[in-house]
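Hi,

Here is the structure I promised to pass on. Please open it alongside this note; my findings follow.

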Amino acid sequence: MEDSIMKVNLKVWRQKNAKAKGEFVTYTDVETTPDTSFLETLDILNERLVEEGQEPIVFDHDCREGICGMCSLYINGHPHGPATGATTCQLYMRRFANGETITVEPWRSAAFPVIKDLMVDRNAFDKIQQAGGYVSFNCGGAQDANDLPISKVNADESMDSASCIGCGACVAACKNGSAMLFVSAKIGQLALLPQGAVEKDRRVRAMVDKMDELGFGNCTNTGACAAECPKNIKLYNIGRMNRHYIAAKCKE
Amino acid sequence: MNPADSKIPEGPIAEKWTNYKAHQKLVNPANKRKLDVIVVGTGLAGASAASTLAELGFNVLNFCIQDSPRRAHSIAAQGGINAAKNYQNDGDSVYRLFYDTVKGGDYRAREANVYRLAEVSNNIIDQCVAQGVPFAREYGGLLANRSFGGAQVSRTFYAKGQTGQQLLLGAYSSLNRQIQLGKVKSFNRYEMHDVVLVKDKDGVERARGIIAKNLVTGKMERFAAHAVVIATGGYGNAYFLSTNAMACNVSAAMACYRKGALFANPAFVQIHPTCIPVHGDKQSKLTLMSESLRNDGRIWVPKDIEDARKLQKGEIKGSDIPEEKRDYYLERRYPAFGNLVPRDVASRAAKERCDKGFGVNNTGLAVFLDFSEAINRLGIDVVRQRYGNLFDMYEEITDVNPGELANEVNGEKYYNPMMIFPAIHYTMGGIWVDYELQTTIKGLFAIGECNFSDHGANRLGASALMQGLADGYFVLPYTIQNYLSDQISVPHFSTDLPEFDAAEAKCQQAMDKLMNIKGKRSVDSIHKELGHIMWEYIGMARNKQGLETAIEKLKELQHVFDTDLFIPGDQDGMNVELDKAFRLNDFIAMGKLMAYDALNRNESCGGHFREEYQTEEGEAKRDDEHYFYVSCWDYQGKDKAPEQIIEPLHYEAIKVQTRNYKS
């Protein structure tokens, strides 16, 4: 690992609160190293701003190991930046050139209003999950776990869909602001398992209808969502969800 | 207040929990609807407790500091969850899981609690499968298992390297169902600042609510309930650098401590052996590499000090050193458990080698974790299937691919090893609770990592998930009823009570005070200084003189914080620096508390290693005659040393002996 110093310019969206008008502010000569993460570089800039008596840039982040889904950021036109299969917190400065100007924006979607600077409100995602993203049973009523054999293929595929971290990159990447990948990942996880099968019609109707109600756009099969997904959630989840949705609607 | 009364039920160890449940008081369904419970936190413990209490019929108010309950740091647990299912027919049982956990905790956990934990472990797996958690399976369709440190059986259930995520999303899904049904009210981006105690007519003070800050508006808000449950995690971030998430903090627990809840065993901190080493002073956190890697990875440093020096200078790479010149020191020192010794043992062994100069990177603070043998035995495809996501994560951070063929000597293939070093990971200490998980404040309960009860002086891998879910799904929902059954005639509380006025005013004043210091130091700069003091004096190895120095240095640091802190902006709306300052203030206080406890415990046990107390071979030397107890601390005021209260331990089922992982 190298210790060489690099400098970048950060062109960052600043917005005082949801109602205020925002603007880009460029911070020049932010000193970092190739082995420093992108968020740590924002930390370095924030430390500088605080020393100058200014308010630091607000952005969502928590686990900083790519699993909590808290971090976001639209970096140089890509959700979670230029790396594929990684979140913003897993992005390292070696991906950028010395002297580069990096543009940093919040998620861009009507369903995710800005709270402050780069932080957005993703509560709509919780609401979709609340509409039906579960198996309806009460704690204590379960049978022995091995009484329910599940094919390894289905379990593995279910796990792949369940890897979604709910970050919202799919919505931010989509020109329509559609949440189809996010919703279909949950639908897919439970549709592949016998536990979820009993209420799969009810679930898909409730979740899709809630998604529409909350103002997410429609899917036009562009595939930007899957291309930008930091967890590589596959596009076929959407196809499966559409199939289930149509079948469920027909039964209504 | 008597912590000696841990309310352990009568009877033989295997019957205690059954007896308790048979005789405890319950609340009937119609009365449950009249009772409100606050649950602070949405990790495995908090989310499972909130959803289960709501399923039972209680009205639940649930709080988290993140933007969604799904973000809590339980989500980052990688390796797995233990249960005594014995699906592998390899000799596991409830008793063996209980025994391993007590032994792993170096005989400082409360026996009855641990037995109960082992007992309900099996229910957790059933519950999670029913929720649709996609655990790994065999081709026959049944659940797969793997091994973790401190055990000689395979009892760990897992979902790729993302077990915590899947278990948390399972609990989150149950929570969502209750939110949809209107039984849980969910408050996101709220941070608890204080617990509100109200004196009853009978003169007893009870926890009746909390003051929480709405992090978006910046305003303090009041919430009332019949009981308060905190599930707010551990205090690892007192070290600044840890594997904890950035927002993990001890403030809710400290608020309870200041109101009279005892804090137990604060010195017991777990240092995880397999983290990516520190690379520079701008680093914000440390990344864990799952313990599951030790199933197939072998830990080593060079035998020859000259080789180590060359590695430190960057003249050679790990793969240049042939098999016969490698020292697999865990296999050498602990033949029976090898690379799967408990975390405290593995961490200390790494430190011992590095202290002797055998460290393998430029800082001298790293050892190798090598997969060459596994890749040669199983092939890269199988190894990648097991650990691929961890290899990728490692490569993204360090720019080195651990599965890549790097050298071939005499037909022996050597792959790039990982570099690892111990880091702060988990805190066994926490708010003292009795068998019912109730603190020394009536009506205040603590569950998950934020209580102290089950792991003693060291936690075994894959047991944190087990404990969080045991507390939330299967223990608290029972025990809290024993308390609430007396509360059914108490009407819903008003937050207009003078106790709420006073508590809110105090919280607001504390914020005003921080804003008005108007000094020069940023929060992070003070936090980093705290981290250095903690790691240097209250880290992996401690001694009397160092701990005394630490207490003095922490007092000085508190003074710096109180007089030279600078927070930009104002209190109108979100102020991230202010919220960080609020947490840092409590971390400094926590650091002092840890130092007092570590200074008091003149023995080495589990994660607590006092250099004065070790065997000739450098193993921890316990003192059961004098320290076979839970050390509880009672708050006496900001500038005063806390007072110690002891809960003696009584073991009935297990014979206390020296831990042995050698044979």
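**What I found**

Start with Ile431(B). Leaving out residues up to four places away in sequence, Ile431(B) touches Ala253(B), Cys256(B), Tyr257(B), Ala261(B), Phe263(B), Thr439(B), Ala446(B), Cys450(B), Asn451(B) and Phe452(B). Bear in mind that this is a predicted model.

Ile431(B) also belongs to the largest nonpolar core, which has 298 residues. Which helix gives the core its largest share? That is H17 of chain B, residues 576–600, with 14 residues. As background, nonpolar side chains tend to be buried together in soluble globular proteins.

Now chain A. The contact draws on 18 residues of domain 1 and 16 residues of domain 2. On the domain 1 side, nine are nonpolar, eight polar and one charged.

Last, a helix pair in chain A. The axes of H5 (residues 180–191) and H7 (residues 200–213) come within 11 Å. They cross at roughly 175°. An angle over 145 degrees counts as roughly antiparallel, so H5(A) is roughly antiparallel to H7(A). H5(A) contributes Val183(A), Lys186(A), Ile187(A), Leu190(A) and Ala191(A) to the contact. H7(A) contributes Lys200(A), Arg203(A), Val204(A), Met207(A), Val208(A) and Met211(A). By class, this contact has eight nonpolar residues, three charged and no polar ones.

Best wishes

Key: Residues numbered from 1 in each chain as written. Chains lettered and ligands numbered in written order. Predicted model: local features only at pLDDT ≥ 70, side-chain atom pairs only at ≥ 80, totals over all residues. Core = buried A, V, L, I, M, F, W, Y, C linked by C-beta atoms within 7 Å. Buried ≥ 20, exposed ≤ 12 C-beta atoms within 10 Å, placed from the backbone. Helix = DSSP H or I, 4+ residues; strand = E, 2+ residues; numbered from the N terminus. Contact = placed C-beta atoms within 7 Å. Nonpolar A, V, L, I, M, F, W, Y, C, P; charged D, E, K, R; others polar. Axes fitted to C-alpha atoms, helices over the stretch in contact; angles between N-to-C directions. Parallel < 35°, antiparallel > 145°, perpendicular 65-115°, else oblique.
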